[in-house]
Amino acid sequence: MKTNYIALSVPIFFILIGIELVYTFYKKLKYYRLNDSIANLSQGIGSQLVGLFMKSVLFVGYMYIFEHWRLFEIPNTIWTWIILFIGVDFFYYWFHRMSHQINALWAAHIVHHQSEEYNLTVALRQSWFQGWFSWVFYLPLALIGFDPIMFLTLSSFNTLYQFWIHTRTIKSMGFLEYILNTPSHHRVHHGSNPKYIDKNHAGTLIIWDMMFGTFQKEEEEVYYGITKPLASWNPVWANIHYWKDLIETAKKSDRISDKIRVFVKPPGWFPEKLGGFQFAPEIDIINYRKFDTQASMATMMYAVLLFLLALALGSYQLFYFDKLNLTVNMLLAAFTIISMLTCGALLEKKRWFVPIESVRFLLGFFMLYFFYNIGFDVTWIGGLTLIHLLMVFYFFFIKPKYRNA
């Protein structure tokens, strides 16, 4: 039986986020913004939900090569674990590096870099579709003969390790800076400063960047985010906006070869007709502004409740996915994603918030009716629906000015 280490770590993630939040508040460090944090965590929820539906399909490639083509029978010893740990970290480096150098891969990975803040919630800001291709980079390990469960365990460790390095509260770690990927190194990786772009791709060990020429020490202040800011709290748009840009560029390209190059060349590449390669601009420190939206306290409270509803449903599904049938899982996932979408729309004061919130409201009652008729325990869903109803009643009838939020 495979253990989902990521799911088991979720409570620890939130405890550590809470500790960092309290510390930064006490020190009066403006490292957190509510709208940005909700957007980051929403991406994490969506990433896990999409991953639940794809996990078996994606893992079958590793299993097939291991079972039919593996070259060696490798014993389960401490040395095997050590060698596999190094192997997983090595191939992660190359997957991560290629995700920054090939547009089609960057279109997925870009999600992780969109936040203009840098705190522990950014660690959970993950692409919904990156897992569809990342597994390919690890297939040599299956060919060699490393056990799939061992591989899953160590790849999970590699992912979990990277959580804590998404912080500005730890400045330097002394001699460990020469061996491990540290908060300082990873801050560089998230920088949009031209000198920091495409540097420090390490997972656990920074030695790969030092060996292959992609290491950059943290020097001047890091400005976080991407060179063309997303400027949105919409979790769906965050996952597709760069694909839209690539497709539009491909349509404007005359030659078939250029249309293909749009997807396989590095970010910033354009055909000569469209101006050629566009280098990242220097940071305009004087005019630099982070994307932000203003909202009343009541609106923020409603957004937080929407997010907590999505978090509760997403967490439930994360732990009980295998015990639910496909229809139930699809309904829960759809409702959770729509909840996050409406949350983003509310924070941006989009006019389409009202109709999509109405759709979400009707979907909630349909789910309650459907689950009840198939004999599903609807106690907890009924409670959430009641809270949902009270929220809608308050904000749409008692607070009618939010009709045009």
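The model is predicted. Helices α13 and α14 pack with their axes 9 Å apart, and a search of the whole structure finds 28 aromatic pairs.

**Packing of α13 and α14**

- Two packed helices are described by the angle between their axes and the distance between the axes.
- Helix α13 spans residues 297-320 and helix α14 spans residues 326-347; the angle between them is about 160 degrees, at an axis distance of 9 Å.
- That angle makes α13 roughly antiparallel to α14, because angles over 145 degrees count as roughly antiparallel.
- The crossing of α13 and α14 is left-handed.
- On the α13 side, the contact residues are T299, M300, Y302, A303, L306, F307, L309, A310, L313, G314, Y316 and Q317.
- On the α14 side, they are N329, L332, A333, F335, T336, S339, M340, T342, C343, L346 and L347.
- By class, the residues of this contact comprise 16 nonpolar, seven polar and no charged.

**Aromatic pairs**

- The whole structure holds 28 aromatic pairs, one of them formed by F157 and Y161.
- The F157 and Y161 pair is tilted, with 45 degrees between the planes and 6.4 Å centre to centre.
- Both residues belong to helix α8 (residues 148-161), where F157 and Y161 are four residues apart, about one turn of the helix.
- F157 counts as partly exposed because its relative accessibility is 40%.
- Y161 has a relative accessibility of 11% and therefore counts as buried, the cut-off being under 20%.

**Aromatic cluster**

- One aromatic cluster is formed by F90, F91, Y93, W94, W208 and F212.

Key. Residues are numbered from 1 along each chain as its sequence is written. This is a predicted model: local features need pLDDT of at least 70, side-chain atom pairs count only at pLDDT 80 or more; totals for chains, interfaces and linings use all residues. Side-chain values use heavy atoms; hydrogens and water are left out. Axes are lines fitted to C-alpha atoms, for helices over the stretch in contact, and angles run from 0 to 180 degrees between N-to-C directions. Helices (H or I, at least four residues) and strands (E, at least two) are DSSP runs, numbered from the N terminus. Angles under 35 degrees count as roughly parallel, over 145 as roughly antiparallel, 65 to 115 as roughly perpendicular and the rest as oblique. A crossing is left-handed if the near helix is turned anticlockwise from the far one by less than a right angle, and right-handed if clockwise. Contact means heavy atoms within 4.5 Å. Ala, Val, Leu, Ile, Met, Phe, Trp, Tyr, Cys and Pro count as nonpolar, Asp, Glu, Lys and Arg as charged, and the others, Gly among them, as polar. Rings of Phe, Tyr and Trp (its six-membered ring) pair if their centres lie within 6.5 Å; planes under 30 degrees apart count as stacked, over 60 as edge-to-face and the rest as tilted. Buried means under 20% relative accessible area, exposed over 50%, partly exposed in between (1.4 Å probe, protein chains only).
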